[in-house]
Amino acid sequence: MAFEDTIAAISTPIGVGGIGIVRMSGSKSQDILKRMFKTKSGRQPGDFENRRFYYGHIVDGEGRIIDEVLVVVMKAPHSYTKEDIVEIHCHGGIIPLRQILKLAIEYGARLAEPGEFTKRAFLNGRIDLAQAEGIMELIYSKTEAQAKASIQHMEGALSEKIRRIREKLLDIMAHIEVTIDYPEEDIEEVPVEDYLQKLNEAVKEIDYLLSTAEQGKIIRQGIKVVIVGKPNVGKSSLLNALLKENRAIVTDIPGTTRDVIEESLSINGLLVRILDTAGIRETTDVVEGMGVERSRKSIEDADLVLWVLDASRPFDGEDKRIMAEIAGKRVIVVLNKTDKPIVLDLKDVELNVPVIHTSMVLNKGIEDIERCIYDTVMEGKVEADDGILITNLRHQEALIRAKEHVVEALQALKNGIPVDLVSIDIRSACDALGAITGETVTEDLIDKIFSEFCVGK
């Protein structure tokens with residue numbers, strides 16, 4: 001697909017940095033560069049070797065130097081968008097970046113829309129839609145696990161699996177339709193059992209992908225872990241130990257934490273949003289009371305609760321009330337202050353949950369807590385043998401629709417429904433799978449997906 005206009009954008013984060021990049025894509029890229037880039041040798045962009053950096057200066061229409069830069073030209077079709085691409089690597093300040101972008105627009109480019117470079121790569125056939133979404137997911141990934149799953153999508157591993165399933169269904173549909181449309185050709189009739197076998201294989205492959213969706217959701221969204229306990233048991237010390245920094249104020253005064261503190265960390269590649277809450281107790285202090293209520297709300301929304309108990313104090317009524325608050329949640333008991341004589345009797349904890357012995361003073365048991373968090377959350381989740389996970393909700397919904405149509409086709413065949421009617425469900429399943437890779441997707445959906453990208457990608 002040929003685009004008449006040339007687009008330009010800043011492709012690096014705005015701010016102070018060593019390097020900033022202004023990128024252009026389109027047929028006028030080299031002509032625009034020629035007007036604004038000067039080398040000492042006088043060599044012109046049209047003579048530049050593909051994918052080689054050239055040193056020079058960006059100058060405005062009056063010959064004033066804007067910045068000292070390196071420029072690389074990537075010629076069509078061997079570029080990210082399959083169009084001519086120019087990248088100008090300048091100093092990473094806001095002023096040179098904006099001045100260079102302004103010049104590019106003055107000389108004939110227009111400001112790129114969000115995700116338009118990747119959208120052109122998709123429309124020009126360089127990547128499919130699932131790969132494009134993998135690129136976006138990689139840009140926004142916060143953990144190694146998110147990045148790993150995104151790279152699998154970006155490199156086309158998921159797309160290849162989807163295409164294999166879809167081709168299997170297309171073969172069935174094509175054979176059914178050709179026997180209907182050309183009965184005079186005496187085409188060999190395929191036994192219903194063969195159709196059933198192939199459809200069952202398709203269901204099995206779709207089920208395999210769907211079985212990774214729960215783990216994929218955890219990888220994509222992360223989990224919410226809430227630290228609870230009565231005042232002065234070491235909740236804030238635990239938060240600081242997990243974060244490996246002094247994020248929360250720690251004192252011996254009960255009620256120091258009066259609001260929910262939220263931070264994020266990575267545990268074995270798993271994104272964990274961890275919340276330190278106000279100590280749960282009966283109080284007449286209005287502000288502390290509001291913090292306690294927020295703590296209770298955080299418990300309701302939590303995926304996992306870290307219940308901190310003071311091993312040096314006996315189990316009391318406040319502990320019992322907290323135990324009632326967290327009943328029904330996934331819980332890990334953190335038995336803190338084990339560096340002191342242990343007074344608390346674990347028999348009073350009427351929950352069949354893991355117990356980790358810790359001492360925040362001695363920094364003991366932190367790795368055990370991290371390991372237990374990961375194992376508790378990931379227990380029973382499918383580990384994909386090939387590393388492919390369904391992390392995108394749109395993909396999951398499309399796979400569910402595809403499976404529903406294949407199952408309906410299977411049931412119709414078993415009930416003796418004519419194969420020409422069965423092909424309708426098979427075609428619908430193919431369309432659902434094609435929506436993942438972009439082969440059967442609407443223009444509105446394409447626009448929506450790429451609108452979520454950053455401008456320079």
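Biologist: What stands opposite Glu263 in strand 10?
Modeller: That's Ile274. Keep in mind this is a predicted model.

Biologist: OK, and in which sense do strand 9 and strand 10 pair, parallel or antiparallel?
Modeller: Antiparallel, with seven bridges between strand 9 and strand 10, the latter being residues 270-276.

Biologist: What's the strand order in the sheet of six strands?
Modeller: The order is 9-10-8-11-12-13. The sheet is open and the pairing is mixed.

Biologist: Which are the edge strands?
Modeller: Strand 9, residues 261-267, and strand 13, residues 355-357. Each of them pairs on one side only.

Biologist: How many degrees does the twist average from one strand to the next?
Modeller: 25 degrees.

Biologist: Now helices. Which strands does helix 9 lie across?
Modeller: Helix 9 covers residues 235-243 and lies across strands 8, 9, 10, 11 and 12. Relative to strand 10, helix 9 runs at about 155 degrees.

Biologist: Is helix 9 largely enclosed or open?
Modeller: Largely enclosed by the rest of the structure, because eight of its nine residues are buried.

Biologist: What does the backbone do just after helix 9?
Modeller: Lys244 takes a positive phi there, about 60 degrees.

Biologist: Switching topic: how do helix 3 and helix 15 cross?
Modeller: Their axes come within 9 Å and cross at roughly 140 degrees, with helix 3 at residues 116-123 and helix 15 at residues 443-451. That angle is why helix 3 counts as oblique to helix 15.

Biologist: Left-handed or right-handed?
Modeller: The crossing is right-handed.

Biologist: Which residues make the contact?
Modeller: Helix 3 brings Thr118, Lys119 and Phe122, while helix 15 brings Ile446, Asp447 and Phe450. By class, that contact has three nonpolar, one polar and two charged residues.

Biologist: Last one, zooming out. How many helices and strands are in the chain?
Modeller: 15 helices and 13 strands. Of the 457 residues, 49% are buried. As for contacts with a separation of 6 or more, 66% of them are between residues 24 or more positions apart.

How values were computed
Residues are numbered from 1 along each chain as its sequence is written. This is a predicted model: local features need pLDDT of at least 70, side-chain atom pairs count only at pLDDT 80 or more; totals for chains, interfaces and linings use all residues. Side-chain values use heavy atoms; hydrogens and water are left out. Two strands pair if DSSP finds at least two bridges between them. Helices (H or I, at least four residues) and strands (E, at least two) are DSSP runs, numbered from the N terminus. Axes are lines fitted to C-alpha atoms, for helices over the stretch in contact, and angles run from 0 to 180 degrees between N-to-C directions. Contact means heavy atoms within 4.5 Å. Buried means under 20% relative accessible area, exposed over 50%, partly exposed in between (1.4 Å probe, protein chains only). Angles under 35 degrees count as roughly parallel, over 145 as roughly antiparallel, 65 to 115 as roughly perpendicular and the rest as oblique. A crossing is left-handed if the near helix is turned anticlockwise from the far one by less than a right angle, and right-handed if clockwise. Ala, Val, Leu, Ile, Met, Phe, Trp, Tyr, Cys and Pro count as nonpolar, Asp, Glu, Lys and Arg as charged, and the others, Gly among them, as polar.
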